[in-house]
Amino acid sequence: GEDERTERIEAALDELGDDVVVLGHNYQRREIVEHADFIGDSYQLSKEAAAADADYVVFGGVTFMAESADIITDDDQQVILPSMEASCPMAGMAEALQVDAAWAELTAALDDDEEIVPITYMNSYADLKAFCAEQGGLVCTSSNAHKAFEYAFEHGDKVLFLPDKHLGENTAYRLDMADEIVEWDPWDPESTDAEAAVEHDVILWEGYCQVHERFRESHIEAIRADHPDANVIVHPECRREVVEAADVAGSTADICQAVEAADPGDTWAIGTEIHLTHHLQRWYPEVEVLPLCGDACMDCNAMRQIDPNYLAWVLEELVAGRERNVIEVHPEEKELAQVALDRMLEI
Ligand code: 13P
Ligand code: SF4
């Protein structure tokens, strides 16, 4: 039962003391975040991990987040992911090999005096971050994508944005570049005409989050009909028309801040993964926090792989001196990916 498991997790954490820090992404279930030393968005969590100086960082999140933590933390800190099945499908939609092939076509189609700069969203694997660094590009998060675009246009003429087409499109709109957008769908040969693509300044890789993509304008209309005073905030991984119909778009950290800053009795409808909405309901009971689309479908299957039984298991194994599910980025990739992350920090 849950009580027994909670006791096991707490006993292991007591035993491990300062040797371990547990991180919980905002989308993890309650039974994980209640054991976390830090709760937050992926980038905040990696920074906490680096600052914490514990030997072991147990990451309640998905693979690309654990990789980022491994890149940012010291070499003597081990990052552990309680389940190796926790892989974000969006990160898997841009494989470095596939991007490399597209890159060769795109750069061959450019005029001699033109440069293209790749930007990858944090939600991508370390080898793609390393690729972007090698090609003069950088990493961004959902809160600084517009600044990454500005950096790219200072250093080149075109952007290849990976892997999330919605974040890319929303950012292009924010920068008044809607007319410059073209999509590159590596699974559809018709859409991969490099000559035609480079006529545009913003080339969007055809990746998306299958959770956020399910939100529709009709969800916002329904909330506004039932709750005319509701403020609607959505994650920028949502479709363009959803972001346009919302009052605000923001990262999971922005969503948390909006509810934290709300006055008692205010209503906020949240368009993101359902676990964060449920946490906000528990953390801020004086605010009326509503899921934008009922309770049922906005659940991230990758995040859900981190079952509390696995958390208990990796911690008990550490107590027994065994390191399970260590996430280790190859040293060369690590160094390059760090360059792409550093460029982000400078913007
Ligand atoms: P944040 O970086 O906003 O926490 O988002 C992570 C994520 O997986 C969004 O789907
Ligand atoms: Fe990936 Fe979407 Fe899940 Fe975030 S919510 S981890 S982007 S699938």
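Guide: Helix axes are lines fitted to C-alpha atoms over the stretch in contact, and angles run from 0 to 180 degrees between N-to-C directions. Helices (H or I, at least four residues) and strands (E, at least two) are DSSP runs, numbered from the N terminus. The model is predicted: local features need pLDDT of at least 70 and side-chain atom pairs pLDDT 80 or more, while totals for chains, interfaces and linings use all residues. Residues are numbered from 1 along each chain as its sequence is written, with chains lettered from A and ligands numbered from 1 in the order written.

Visitor: At what angle do helix 7 and helix 17 pack?
Guide: Helix 7 covers residues 126–134 and helix 17 covers residues 331–346. Their axes lie 7 Å apart, and the angle is about 65°.

Visitor: Which residues of helix 17 make the contact with helix 7?
Guide: Two residues are in contact if their C-beta atoms, placed from the backbone, lie within 7 Å. On the side of helix 7, the contact uses Ala126, Asp127, Lys129, Ala130, Cys132, Ala133 and Glu134. Helix 17 supplies Glu333, Lys334, Leu336, Ala337, Val339 and Ala340.

Visitor: How many of the nine residues of helix 7 are buried?
Guide: A residue is buried if 20 or more other C-beta atoms lie within 10 Å of its own, exposed if 12 or fewer, and partly exposed in between, with C-beta atoms placed from the backbone. Ala126, Asp127, Leu128, Lys129, Ala130, Phe131, Cys132 and Ala133 are buried. Helix 7 is therefore largely enclosed by the rest of the structure, and the count out of nine is eight.

Visitor: What covers those buried residues of helix 7?
Guide: The cover includes three strands that are listed by name: strand 5 (116–121), strand 6 (138–140) and strand 7. It also includes helix 4 (63–72), helix 6 (96–109) and helix 17.

Visitor: Which glycine just after helix 7 takes a positive phi?
Guide: The phi value there is about 85°. The residue is glycine 136.

Visitor: Where is the cis peptide bond that involves proline 163?
Guide: Proline 163 sits in the loop between strand 7 (158–162) and helix 9 (165–174). Omega is about -25° for the bond, which joins proline 163 to leucine 162.

Visitor: Is lysine 165 buried or exposed?
Guide: Lysine 165 belongs to helix 9. Across space, leaving out residues up to four places away in sequence, it touches Glu183, Leu204, Trp205, Glu206, Gly207 and Tyr208. Because 25 other C-beta atoms lie within 10 Å, lysine 165 is buried.

Visitor: What separates the C-alpha atoms of lysine 165 and aspartate 113?
Guide: The two residues are 52 residues apart along the chain. Their C-alpha atoms are separated by 27 Å.

Visitor: Why does aspartate 53 count as exposed?
Guide: Aspartate 53 lies in the loop between helix 3 (42–52) and strand 3 (56–60). Its phi is near 65°, positive in a residue other than glycine. Aspartate 53 is exposed because the number of other C-beta atoms within 10 Å is 12.

Visitor: At what angle do the axes of helix 1 and helix 16 cross?
Guide: Helix 1 spans residues 2–16 and helix 16 spans residues 308–319. Among the residues in contact are Ile9 and Leu13 of helix 1 and Leu311 and Leu315 of helix 16. The axes come within 9 Å and cross at roughly 30°.

Visitor: How far apart are the C-alpha centres of domain 2 and domain 3?
Guide: Domain bounds come from an automatic or database domain assignment. That assignment gives domain 1 (2–88 + 302–329), domain 2 (91–210) and domain 3 (212–299). The contact takes twelve residues from domain 2 and 13 residues from domain 3, and the centres lie apart by 28 Å.

Visitor: What percentage of the 347 residues in the chain is buried?
Guide: The chain has 17 helices and 14 strands, and its C-alpha atoms fill a box of roughly 65 × 55 × 35 Å along the principal axes. Of the contacts with a separation of 6 or more, 67% are between residues 24 or more positions apart. The buried share is 49%.
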